Amino acid sequence: MPTALAALALLVALAALAVAVSGRRAPQGRTRRAADPGDLPQDARALRQEVAALKAESGQALRHLAVVRYDAFTDTGGQLSWSLALLDDSGSGVVVTSIQGRAESRTYAKSVADWTSEAQLSPEEEDAISHARG
């Protein structure tokens, strides 16, 4: 039961994170929708501007990902604890950690900017960020 509750809490936290990040990343006063081929610009300059806008937007996507699994306690096995880094091209995003013990589990989220965090990071969280950076 505690594991199921922890998994549910993690899913809710990740959903809230996705909503918060998408709201923060949305362009002001403009929402992107699926392009209808008839709506595409016909001249080369407008197409270049559209491609540049898409490149700028894709730089904010959370596409640098890494998971580090480990045993948080000496009396547990199976590497059930993990740290997950979700970062964009500038190193902004979040690192989520789930620590599994025998009787309980805990989940933490720490914001990351420029590949570092103001919160103190565990060695495993630092490894996850380092692996995500590539």
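For these notes, a salt bridge is a side-chain nitrogen of Lys or Arg within 4 Å of a carboxyl oxygen of Asp or Glu. I'm working on a predicted model.

**Entry: the tally.** I ran the search and got four salt bridges.

**Entry: Arg63 and Asp89.** These two form a salt bridge, with 2.5 Å between the closest N and O atoms. I checked the locations: Arg63 is in the loop between α2 (44–58) and β1 (64–70), and Asp89 is in the loop between β2 (81–87) and β3 (93–100), so the contact ties together parts 26 residues apart in sequence.

**Entry: Arg102 and Asp75.** Here I read an N to O distance of 3.5 Å for the salt bridge. This one links distant parts of the chain, 27 residues apart: Arg102 comes from the loop between β3 and β4 (105–112), Asp75 from the loop between β1 and β2. Arg102 has 67% relative accessibility, so I put it down as exposed. Asp75, at 43%, goes down as partly exposed.

**Entry: Lys110 and Glu125.** My last pair meets in a salt bridge at 2.9 Å, N to O. Lys110 belongs to strand β4 and Glu125 to helix α3 (residues 123–133), so this bridge ties together parts 15 residues apart in sequence. Are Lys110 and Glu125 buried or exposed? I looked, and both are buried.

How values were computed: Residues numbered from 1 in each chain as written. Predicted model: local features only at pLDDT ≥ 70, side-chain atom pairs only at ≥ 80, totals over all residues. Heavy atoms only, no water. Helix = DSSP H or I, 4+ residues; strand = E, 2+ residues; numbered from the N terminus. Buried < 20%, exposed > 50% of the residue type's maximum accessible area, 1.4 Å probe, protein only.
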